[in-house]
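Here are a few friendly notes to read alongside the model. Please keep the structure open as you go through the points.

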Amino acid sequence: MGAGHAHALYLHGHSRVHRLAPEAKVAAGFAFIVAVAITPREAVWAFAIYAISLAAVLWAGDIPLRFLLARLPAVLPFIAFAFLIPFIASGEQIDIAGVAVSRDGLWAAWNIVAKATLGATTSIILAATTEVPDILKGMSVLRVPSVFISIAAFMMRYLELIVEELSRVRMAMEARGYDPRWVWQVRPIASSAGALFVRSYERGERVHAAMVSRGFDGTMPVLTERRTPPSDWLVAAVLPVLAIAVVVLALVTT
Amino acid sequence: MHAPDGFLNAGTAVATGAVGIGTVGMALRQTRHRLNDRQIPLAGMTAAFVFAAQMFNFPVAAGTTGHLLGGALAAILLGPHIGAVVVTVVVVVQALIFADGGVTALGYNVVNMAIVPAYGGYGLYLLYRRVMPKSSGGVVAATGLAAWSSVVLAAMAFSIEWLFGATAPISFPQVFGAMVGVHLLIGIGEGVLSALTVGAVLASRPDLVYGAQDLDRSQISDTRPVGMRAFAIGGLLAALFFAAIVSQFAVDNPDGLERVAEETGIAASGGGHALGGSMFADYATAGIENEAVSLAVAGIAGTLIVLAVGGGIIAAVREKRHDSVRI
């Protein structure tokens, strides 16, 4: 815990991408992912342009490829499913290296892999160049309800604490030689989950009492009033405008 | 269950997005009087707990593990409205900040992981409570069954979305069979873990369990496990729901046959789809003979989801009147 705590996905830096106003980045990222998602799968060239433009953002943001690759596996389970599709899908079968696969299934697999990877990369770039409080601030500028933002803010603030508490419980169990492997050994894990819930809740009560005693009235005070510089909107708009042009072209040509 | 971008088509993403925004908006309005300044830190802390609980791997068999989804658990601990809001926060933050689940997939991810498990799970929880004794044991048993059912409901919801928005030529019966089949098993872990967690909370802070607020002190201290009969009736109730649907199509499931038909070219003479040009993607009803069956299965599953979710919402809105003190 403590002020200025960066989350694991944040990469410290001072690039132009880091310095962009968070609301511009969130809006641009969202528009870009929407454009990617509605691109017809046959327009392979469009996905190539998306990939190149994301690579340009990575470069402009000083994000090493290594950093990106280490964080991409979040999409792996669905990629694994995508690789199964050509074999279980129906439709016209074609031969690849002697194995019959569905042509339509191959396209479907490509579609999921390409869009999932591009979408996840965009989220990773956003998270790598923007600290969590800024992302939340950006979301509130974009009119996400304040209750929602406040809950998310508290969650992020205490997430690490609770996860650490969890790993201490785990470690304590392992230190005593307990290594459950079967579902009927689940009781100690469940009772520690229960204990964790009670502890989290009681910590919430204490935090609230502490906040009220310091003048909390239901809203977080805004420390720095700042306006989104128009130049930030312009710079951030480059990526989605490009993507929208590409998707319109792709929709027209296919 | 964190589906990535582009997994279902754009129409489905937009439609589920609208359902998600509408329902979460309603939940926020319903909880406004309870989510005052005191509750926000608590809801945030619980969101962190649900987030952490999803990292909490529990053993399934021989070293493989599964993890909690937590929708039904959050609804029973906090009430369905706050439960749905809390899990939605978790899913949105996971997509935006942790790249876990697509941003354009948020609509269906929120519906499947937050709304259906929280409201549907809570609706079924209330149903199971009726056949269970009024005791801690009854609450724990009903929680287990409800959490198990909520995972199966979520799998069904996903399959139905696939029917409308498939992006791959895999028929609805195949997806439905695989999703529901796997989640009937995964759900057992969810059920056991949720039940034991609620049991542990009941033992130390019974006032924190929203779903047990109708119990008085002596009923809470009655931790005797539920009798075989009550559990069997509850289990039967749960099993009936799902068995009715799953068995329906398991008999008619033509997977093997379909494959042979296609490979031998019989399918080519099968004629056009009766539903060609309808709102259902061709993919989803790719099975030639079983369109009617898969639509019937989807219909029954859809009705069940709507009943459970609707029941949960109605019960929650009604309960609101007489609980002004608790979170």
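1. Chain B has 11 helices and two strands; helices (H or I, at least four residues) and strands (E, at least two) are DSSP runs, numbered from the N terminus. Along the sequence the pattern reads α-α-β-β-α-α-α-α-α-α-α-α-α.

2. A word on the source: this is a predicted model, where local features need pLDDT of at least 70, side-chain atom pairs count only at pLDDT 80 or more, and totals for chains, interfaces and linings use all residues. Residues are numbered from 1 along each chain as its sequence is written, while chains are lettered from A and ligands numbered from 1 in the order in which they are written.

3. Of the 327 residues in chain B, 58% are buried (20 or more other C-beta atoms within 10 Å of the residue's own, with C-beta atoms placed from the backbone).

4. Now look at where the chains meet: 66 residues of chain B and 74 residues of chain A take part in the contact (C-beta atoms, placed from the backbone, within 7 Å). On the chain B side, H2(B) gives the most, with 14 residues. By class, this side has 47 nonpolar, 13 polar and six charged residues (Ala, Val, Leu, Ile, Met, Phe, Trp, Tyr, Cys and Pro count as nonpolar, Asp, Glu, Lys and Arg as charged, and the others, Gly among them, as polar).

5. Within chain B, the axes of H4(B) and H5(B) come within 9 Å and cross at roughly 155° (axes are lines fitted to C-alpha atoms, for helices over the stretch in contact, and angles run from 0 to 180 degrees between N-to-C directions). H4(B) and H5(B) are therefore roughly antiparallel (angles over 145 degrees).

Methods. Contact = placed C-beta atoms within 7 Å. Parallel < 35°, antiparallel > 145°, perpendicular 65-115°, else oblique. Buried ≥ 20, exposed ≤ 12 C-beta atoms within 10 Å, placed from the backbone.
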